[in-house]
Amino acid sequence: MLGVGASFGAIASAAGLPAWAPVAMSAIVFAGGAQFMAVGLIGAGNPVAAVLGGLLINSRHLPFGLALTGTFGDRRWHRLLGSHLMTDEAVAFSLAQPPGAARRRAFWSAGAAVFLCWNAGTVLGVLLGGAVGDPAALGLDAAFPAGLLALVLPSLRDRSTRAVVLLGAFVTVLATPFLPAGLPVLLALVGLVVLTLPAYRATIGPAPGRPAEACDPVPRDRPSETGEPPC
Amino acid sequence: MLIAVILALAVGTYTLRLAGVILQDRFNLPSWLERLLPMAAATLLAALAATSALLDGGALAGVARPTGVLVGVFLAWRRAPFALVIVAAAATAAGLRLLGLP
């Protein structure tokens, strides 16, 4: 996590952001994928797409919050602070524990550890990134897409996710030379509409309310990410 | 402008996180939406990765960058640690540029 934070800091510096920007993002946004995305789109000159894309990525935190019933503690400030510490890692870690005191301890220790490492890493990355000159000579332009793909790779084990993702990436690459920056990335979501809606409609008859492929026995190394109960 | 983007992202993200926590007693997300949200996230990230790997402002990005990305993805697929993926991708691209490739 320290390493990922450092990569984020270095890549944000390479994208031309002032040093305070990645540090502030890591502290108050505190969401890895969305931060990488926002830095890429701000660098491309489309701040509106940066906000929209980042929030779409973070919309997965809504089901996380629903799944973490009673995990934070009873006080109001527990919920207010705990919400900010919600990450893929902390959620996966705490849902692996039985509900109650063990899960509560797991969430708070994982949440705090991830927060500290992510922010320390970002500062480190900004310092290192600022110390070197030309980002292209260091190959940092290749590090950015490689890091994003490494984040996405685990979810590609699911067959329909893979189809949606590949179609979306293909459409985006084709559209990029012709549309203003940032728009092609949002256009990738057509893959989601085109490929999942017919499949969903087709399953409404035989299996009401639940797409059939949601019950595929897909191996996942982060089962809590989708929040789905085992079939 | 930059401050506004960061603040909007921060407020929006915190709202999404807190909304689930506050609504948890009264509300169940429909299962199709619960399934769609992580797919949307993966799609956006992959699309951004694909364009930034292959293109540079609308033109093709040369050889060094896509090759570096490919090396990184291969390592990630072999479950290498994230930091190694980043360093290997960058080092490959930098090395190819040292050899004179675009």
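Some housekeeping comes first: residues are numbered from 1 along each chain as its sequence is written, while chains are lettered from A and ligands numbered from 1 in the order in which they are written. Since the model is predicted, local features need pLDDT of at least 70 and side-chain atom pairs count only at pLDDT 80 or more, while totals for chains, interfaces and linings use all residues.

Let's look at chain A. Its secondary structure comes to twelve helices and zero strands; helices (H or I, at least four residues) and strands (E, at least two) are DSSP runs, numbered from the N terminus. Of its 231 residues, 48% count as buried. Buried here means 20 or more other C-beta atoms within 10 Å of a residue's own, exposed means 12 or fewer, and partly exposed is in between, with C-beta atoms placed from the backbone.

Now pick out helix α10 of chain A, residues 159–175. Which residues of α10(A) are buried? They are A:T161, A:V164, A:V165, A:G168, A:A169, A:V171 and A:T172. Seen down the helix axis, these buried residues fall within an arc of 165 degrees, so they line one face of α10(A); the arc is that of the directions from the axis to the C-beta atoms. An α-helix has 3.6 residues a turn, so residues three or four places apart point the same way.

For a contrast, find A:G100 in the loop between α7 (88–95) and α8 (101–131) of chain A. A:G100 is exposed, because it has 10 other C-beta atoms within 10 Å.

Next, the largest nonpolar core: it has 93 residues, and A:I11 and B:L44 are among those with the most contacts inside it. Such a core is a set of buried Ala, Val, Leu, Ile, Met, Phe, Trp, Tyr and Cys residues joined through C-beta atoms within 7 Å. Helix α2 (residues 31–54) of chain B gives the most to this core, with 14 residues.

| Part of chain B | Mean pLDDT |
|---|---|
| Strand β2 (residues 59–60), lowest | 83 |
| Helix α3 (residues 64–77), highest | 96 |

Methods
Expected span 1.5 Å × (residues − 1). pLDDT = per-residue confidence, 0-100.
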